[in-house]
Amino acid sequence: MGMEMITNVSEYERLAKEKLPKMVYDYYASGAEDQWTLNENREAFSRILFRPRVLIDVSHINMATNILGFDVSMPIMIAPTAMQKMAHPEGELATARAAASAGTIMTLSSWATSSVERVNSVGPGIRFFQLYVYKDRNIVRQLVKRAEMAGFKAIALTVDTPRLGRREADIKNRFNLPPHLVLENFAALDLGKMDKTDDSGLASYVASQVDQSLCWEDVKWLQTITSLPILVKGVMTAEDTRIAIEYGAAGIIVSNHGARQLDYVPATISCLEEVVREAKGRLPVFLDGGVRRGTDVFKALALGAAGVFIGRPVLYSLAVDGEAGVRKVLQMLRDELELAMALSGCPSLRDITRAHVVTDGDRIRRARL
């Protein structure tokens with residue numbers, strides 16, 4: 001990395017692109033098909049504006065919060081992203097250390113290049129495990145047990161991937177896991193490698209291994225094999241929110257999988273309020289997708305999120321500067337959120353209200369009045 005000073009999260013993307021092999025950068029950066037949702041995940045944040053309150057004592061700003069009973073330093077957590085050793089030799093281990101030092105939660109991907117046991121060995125920290133449900137349920141049973149034994153505190157069940165979205169760069173690049181790496185959680189099960197194909201190697205792997213018949217009953221089944229709370233990751237509608245509550249979900253992550261699954265779904269920030277309204281405080285609602293600024297975090301909190309998860313910024317900063325890069329991303333977002341809170345007149349997270357932001361919908365309703 002050159003000596004240039006990095007002053008915001010988005011700057012890491014260009015630096016990562018210069019540093020990473022094309023196949024790897026494209027895998028991390030791509031969205032599905034036309035990438036309309038990929039652009040919209042960011043764009044939608046820019047249409048939400050602030051209504052700051054003034055002359056409030058903001059000499060002490062408190063960003064601490066509680067997530068599923070765990071105290072964290074801020075409502076900014078790390079989303080699961082696959083194969084982090086493609087970005088940096090220390091991969092998920094560097095990310096885990098950075099999260100722990102920032103006092104926040106890391107979610108480990110099922111498709112990590114470091115096993116749950118190895119990640120646990122980096123030391124204390126609150127970690128969640130993202131789960132893909134394989135056709136072979138014994139594999140799922142083993143994996144969940146291992147995560148539980150390794151001290152993971154929740155399962156984030158990905159529900160938007162019965163099949164892999166069409167990511168055209170991966171098809172062109174014939175994406176595959178580099179030969180020196182393995183999906184460590186599956187290595188002992190002989191599922192740690194993808195077959196060579198004329199397509200995306202990952203798409204073929206998903207088609208052969210991931211259960212397309214996964215349904216709500218399986219959320220109940222998961223609760224019989226683990227006592228860990230289950231977050232349902234990939235809910236976008238009020239209808240599914242209602243069902244998630246009915247089936248005992250401990251929380252919802254409003255997510256469109258980083259715009260990598262179904263293109264032309266709205267931005268997650270545009271779906272958040274619908275989900276929050278239906279949840280009615282019965283379970284926490286989180287958001288991932290497009291968070292690049294502290295102001296984005298504030299907007300999500302104002303619309304009812306209990307916290308946000310960041311994905312690509314972790315991969316890009318990891319590629320550029322390893323653990324120190326991820327630490328810096330978390331610190332920059334923390335500092336920006338603190339500033340946004342101060343300038344909006346919100347000394348603590350509970351002071352952030354719906355009245356602190358104005359959305360497109362608000363403007364339309366106001367115009368009608």
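What volume does the largest pocket have? In this predicted model, the volume of the largest pocket is about 470 Å³. The model also holds 2 cavities of 30 Å³ or more, and the largest cavity has a volume of about 420 Å³. The points below take the pockets and then the cavities.

**Largest pocket**

- The lining of the largest pocket is made up of 27 residues.
- Nearest the centre of this pocket lie Val159, Asp160, Thr161, Pro162 and Gly234.
- Strand 7 (154–158), helix 9 (216–225) and strand 8 (230–235) each give at least two residues to the lining of the largest pocket.
- Strand 8 provides the largest share of that lining, with 3 residues.
- By class, the lining of the largest pocket has 15 nonpolar, 9 polar and 3 charged residues.

**Second largest pocket**

- The volume of the second largest pocket is about 270 Å³.
- Its lining consists of 14 residues, and those closest to the centre of the second largest pocket are Ser270, Glu273, Thr359, Asp360 and Gly361.
- Two or more lining residues of the second largest pocket come from helix 11 (268–279) and likewise from helix 14 (360–368).
- Helix 11 supplies the largest share of the lining of the second largest pocket, 5 residues.
- The lining of the second largest pocket divides into 4 nonpolar, 3 polar and 7 charged residues.

**Largest cavity**

- The largest cavity, with a volume of about 420 Å³, is lined by 30 residues.
- Pro80, Thr81, His257, Gly258 and Arg260 are the lining residues closest to the centre of the largest cavity.
- Helix 2 (22–29), strand 11 (307–310) and helix 13 (312–344) each contribute at least two residues to the lining of the largest cavity.
- The largest share of this lining is that of helix 13, at 3 residues.
- In the lining of the largest cavity, 14 residues are nonpolar, 10 are polar and 6 are charged.

**Second largest cavity**

- The second largest cavity has a volume of about 40 Å³.
- Residues that line the second largest cavity include Ala79, Pro80, Thr107, Phe128 and Ala156.
- Leu231, Lys233, Ile253, Asp288 and Phe309 are also among the residues lining the second largest cavity.
- Pro80 lines the second largest cavity and is also one of the residues closest to the centre of the largest cavity.
- The lining of the second largest cavity comprises 7 nonpolar, 1 polar and 2 charged residues.

Technical notes:
Residues are numbered from 1 along each chain as its sequence is written. This is a predicted model: local features need pLDDT of at least 70, side-chain atom pairs count only at pLDDT 80 or more; totals for chains, interfaces and linings use all residues. Side-chain values use heavy atoms; hydrogens and water are left out. On a 1 Å grid over the protein atoms alone, a cavity is a set of points where a 1.4 Å probe fits but cannot get out, and a pocket is an open set with protein on both sides within 12 Å along at least five of seven lines; lining residues have an atom within 4 Å of a point. Grid points are joined across faces, edges and corners, and a volume is the space filled by probe spheres set on the points. Helices (H or I, at least four residues) and strands (E, at least two) are DSSP runs, numbered from the N terminus. Ala, Val, Leu, Ile, Met, Phe, Trp, Tyr, Cys and Pro count as nonpolar, Asp, Glu, Lys and Arg as charged, and the others, Gly among them, as polar.
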